[in-house]
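Trainee: I would like to learn how to read a structure like this one, feature by feature. Could we go through it slowly together?

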Amino acid sequence: MGYSGVRGGQEAIAAAERLVHRDRFAGSSRWLELDQITGRLGLAVDRVMGEAGLWAPERAARAIRQSRGDLLEAAQLLRAHRSTLPRLAYSSPVAATALRPVRRIAPAHRNPPGGQVLGITGDYTPRILDLTDEDTSRATPPPPRRPATSGAPVTAPDPIARPSGLPPAGLLADRRDATDPHPFDITRAPARPGAPRSARLSSMARAETGSLTHLWYLVTRAPRHDQPETPLELRRGHLPLRVEHPFTGSPVTVAGVRVTEARTVRPDARPRPDGSRFDIGYGLCLGDNEAKALAMAGLDLLVHRDGVTDRLEQQVLTALDGPEAAGYLEHLKLPHYVDFRSIVDRIRAVWAAAAGERS
């Protein structure tokens with residue numbers, strides 16, 4: 001829809017497009033290269049790829065550059081690009097044990113089996129603006145490694161080879177659903193309330209991070225949720241992407257992606273709240289995005305437990321998509337003079353009718 005009602009509307013639209021192009025390429029600073037975006041703005045690239053549902057760092061960097069840093073617009077650009085790509089195959093399911101972690105913490109345990117791997121994290125650094133303009137880390141030698149003490153995070157050489165840090169199976173509720181054997185493809189069919197759990201997880205994996213976190217915080221702080229939510233395990237690492245070989249039928253690893261995985265628990269499992277089980281929630285998203293994975297796991301639990309599940313499930317399925325919400329907001333800037341004129345005419349008719357009754 002264009003401003004066809006305005007004289008010279010097509011010329012104005014073309015001029016606006018030229019201004020956008022000029023603003024993107026003009027300026028006194030140097031052109032922002034793609035490797036600068038992927039190398040220096042990695043978390044923004046991961047967020048765009050996650051919300052677009054496409055693992056393509058270079059394409060995500062292009063979208064960020066084209067949108068001038070608007071991550072919602074970049075996700076929309078990347079999602080639109082994704083829709084033009086051919087679908088060659090579906091990937092095979094990969095067990096969580098195949099994850100090669102570069103960070104793994106278990107807040108529910110003091111000394112979890114396999115140890116804790118802090119990895120890259122800002123959890124213990126002060127939120128102070130760094131005003132230096134050069135990297136001094138290369139000139140400063142790393143501090144000497146100290147032996148781990150009881151309760152302190154330790155560096156495990158290979159956490160995968162060690163026993164899992166999860167509680168025994170008898171303490172966890174079984175969330176498996178025989179009616180949901182394959183992941184629900186939300187890119188091919190709309191997910192509506194009553195959808196399987198895989199549809200909710202897929203929707204949250206592509207949800208806008210801020211909206212997802214806000215909804216989780218809003219619901220988890222409600223008075224009816226008096227039992228605490230405890231993160232059981234949080235991991236970041238590399239997950240293999242496998243497809244079925246077209247001739248042999250065997251799974252073949254063709255690529256790898258970085259993911260963040262989270263598990264959270266609450267006591268009193270549903271539907272038997274007898275205090276003998278933990279409910280467990282799960283979250284997994286593309287890239288390094290711990291807030292999103294934790295909020296996913298929390299909402300996975302809350303939808304399962306909430307007494308007004310239909311309402312919360314509807315919000316999870318329909319209200320968290322960033323490009324969709326932004327698109328609806330952006331369309332308000334397009335011409336609405338026909339709708340507005342009809343509303344004005346109705347209001348004037350009401351006034352005229354009221355004036356006639358008074359007279």
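Predicted model: local features only at pLDDT ≥ 70, side-chain atom pairs only at ≥ 80, totals over all residues.

Trainee: How many residues does helix 1 have, and what distance does helix 1 reach from its first C-alpha to its last?

Mentor: Helix 1, residues 9–25, has 17 residues and reaches 25 Å between those two atoms, which is close to the 24 Å expected at 1.5 Å a residue. Helix 1 is followed by Gly-27, whose phi is positive, near 115°.

Trainee: At what angle do helix 5 and helix 10 pack?

Mentor: In general, an α-helix has 3.6 residues a turn, so residues three or four places apart point the same way. Here, helix 5 (residues 71–82) and helix 10 (residues 322–331) pack at an angle of about 110°, with their axes 9 Å apart. Angles of 65 to 115 degrees count as roughly perpendicular, and helix 5 and helix 10 are therefore roughly perpendicular to each other. Helix 5 contributes Leu-72, Ala-75, Gln-76 and Arg-79 to the contact, while helix 10 contributes Gly-322, Pro-323 and Ala-326. The residues of this contact divide into four nonpolar, two polar and one charged.

Trainee: How many aromatic pairs does a search of the whole structure find?

Mentor: The search finds one aromatic pair. Trp-216 and Tyr-217 form this tilted pair, with 6.4 Å centre to centre and 55° between the planes.

Methods
Residues numbered from 1 in each chain as written. Heavy atoms only, no water. Axes fitted to C-alpha atoms, helices over the stretch in contact; angles between N-to-C directions. Helix = DSSP H or I, 4+ residues; strand = E, 2+ residues; numbered from the N terminus. Parallel < 35°, antiparallel > 145°, perpendicular 65-115°, else oblique. Contact = heavy atoms within 4.5 Å. Nonpolar A, V, L, I, M, F, W, Y, C, P; charged D, E, K, R; others polar. Expected span 1.5 Å × (residues − 1). Phe/Tyr/Trp six-rings, centres within 6.5 Å; stacked < 30°, edge-to-face > 60°.
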